Amino acid sequence: MDRVEHMTRADLECVLGWAADEGWNPGLDDAEAFLAADPEGFFLKRVGGAPAAAVSVVNHSDEYAFLGLYICAPAFRGMGHGLDVWNAGLAHAGGRTVGLDGVPAQQQNYVRSGFERAGRTIRYEGRVDGRDAANLRPMRASDIPAILALDAAQTGTRRDRYLSAWLTPTSTRQGLVIERNGAIAACGTVRACRAGAKIGPFMAHRAGDASDLMAGLARIIGRAQLFVDVPDSCHDFHDLLAGRGFAPVFETARMYRGAAPATAYAPFHGVATLELG
């Protein structure tokens, strides 16, 4: 029987495999942290018992949700199954503002669904020689409340469940901070992916801190090939990456249905993930 249902952990791993086949390059250990953000926010349609289409609409707060992982298995494309999970996901969001990072091919479809473009997110790829620095230290559990507050000030919304799970280290995901005058001045997380590693979230106000963080994250993850997704308004970060040989390889449109949150990104800001914001 055809039906839309909530994903299990195994379902999400399957969908992340689809994403990998499409070149989205998910992390090796994303599923658990994704589900921790909102276990009811991941939808899968089965057709004749086979997984066919998926979407995530994660309710980060009472005011804000984020849509991602909108994907259909190749054998089931063009049959309307994507619309079924899309509608289920947006119903889950209710009256919340919904954000997404839309690929170029889908942006007009999102406009027809009431989304408005608010900017771009540009993915850079490059290589960094890993090194340590005296001002870096591993991220601790006790840092998380302060990082959540920094993130909320920059993104305009609370995302506590998501980032609390994301910032908890695993064998494939680690974080570093720079502390200055008793407060966190910069922080970043890196995770191993199918190819290389992705940095995010990433927050720094000084170019030197940003450079040290990137080199430190490359060292602890053991992968020199790095990817980072940068909002188009963070001109200093674009300049720094270009100056170090990073090249833009992909871009999405940041779009919202409903009132866009008031963002105030640090000069060096990297998006946590394109799937959950």
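**View 1. The largest nonpolar core of the predicted model contains 53 residues.** Leu-12 and Phe-42 have the most contacts inside this core. A nonpolar core is a set of buried Ala, Val, Leu, Ile, Met, Phe, Trp, Tyr and Cys residues joined through side-chain atoms within 4.5 Å; buried denotes under 20% relative accessible area, exposed over 50%, and partly exposed the range in between (1.4 Å probe, protein chains only). Strand 3 (residues 50–59) supplies the largest share of the core, six residues. Strands (E, at least two residues) and helices (H or I, at least four) are DSSP runs, numbered from the N terminus. Contacts of Phe-42 (heavy atoms within 4.5 Å), leaving aside residues up to four places away in sequence, include Leu-12, Phe-34, Val-55, Leu-69 and Leu-276. A second, separate core comprises 30 residues, among them Ile-122, Val-128, Leu-226 and Leu-241. In soluble globular proteins, nonpolar side chains tend to be buried together. This is a predicted model, in which local features need pLDDT of at least 70 and side-chain atom pairs count only at pLDDT 80 or more, while totals for chains, interfaces and linings use all residues. Residues are numbered from 1 along each chain as its sequence is written, and side-chain values use heavy atoms, with hydrogens and water left out.

View 2. The whole structure holds nine aromatic pairs, defined by ring centres of Phe, Tyr and Trp (its six-membered ring) within 6.5 Å; planes under 30 degrees apart count as stacked, over 60 as edge-to-face and the rest as tilted. The pair of Tyr-64 and Tyr-256 is tilted, because the planes stand at 50°, with the ring centres 6.4 Å apart. Phe-237 and Phe-268 form an edge-to-face pair, at 5.8 Å centre to centre and 70° between the planes.

**View 3. Tyr-70, Trp-86, Tyr-110 and Phe-115 are joined into a cluster by ring pairs.** In a separate contact, Arg-173 lies over the face of Trp-166, 4.7 Å from the ring centre. A charge sits over a ring if NZ of Lys or CZ of Arg is within 6 Å of the ring centre and within 35 degrees of the ring normal.

**View 4. The structure contains zero disulfides.** A disulfide is a pair of cysteine sulfur atoms within 2.5 Å. Cys-72 is in no disulfide, and the nearest cysteine sulfur, that of Cys-14, is 12 Å away. Cys-72 is buried, with a relative accessible area of 13%. The sulfur of Cys-234 lies 14 Å from the closest cysteine sulfur, that of Cys-187, which is too far for a bond. Cys-234 also counts as buried, at 2% relative accessibility.

**View 5. Backbone features are shown at Leu-69, Asn-181 and Pro-201.** Leu-69, in strand 4 (residues 64–72), has a positive phi near 50° although this residue is not glycine. Leu-69 is buried, at 4% relative accessibility. Asn-181 also has a positive phi, of about 55°, and is found in the loop between strand 8 (173–180) and strand 9 (183–192). Asn-181 is exposed, at 80% relative accessibility. The peptide bond from Gly-200 to Pro-201 is cis, with omega near 0°, and Pro-201 lies in strand 10 (residues 197–204).
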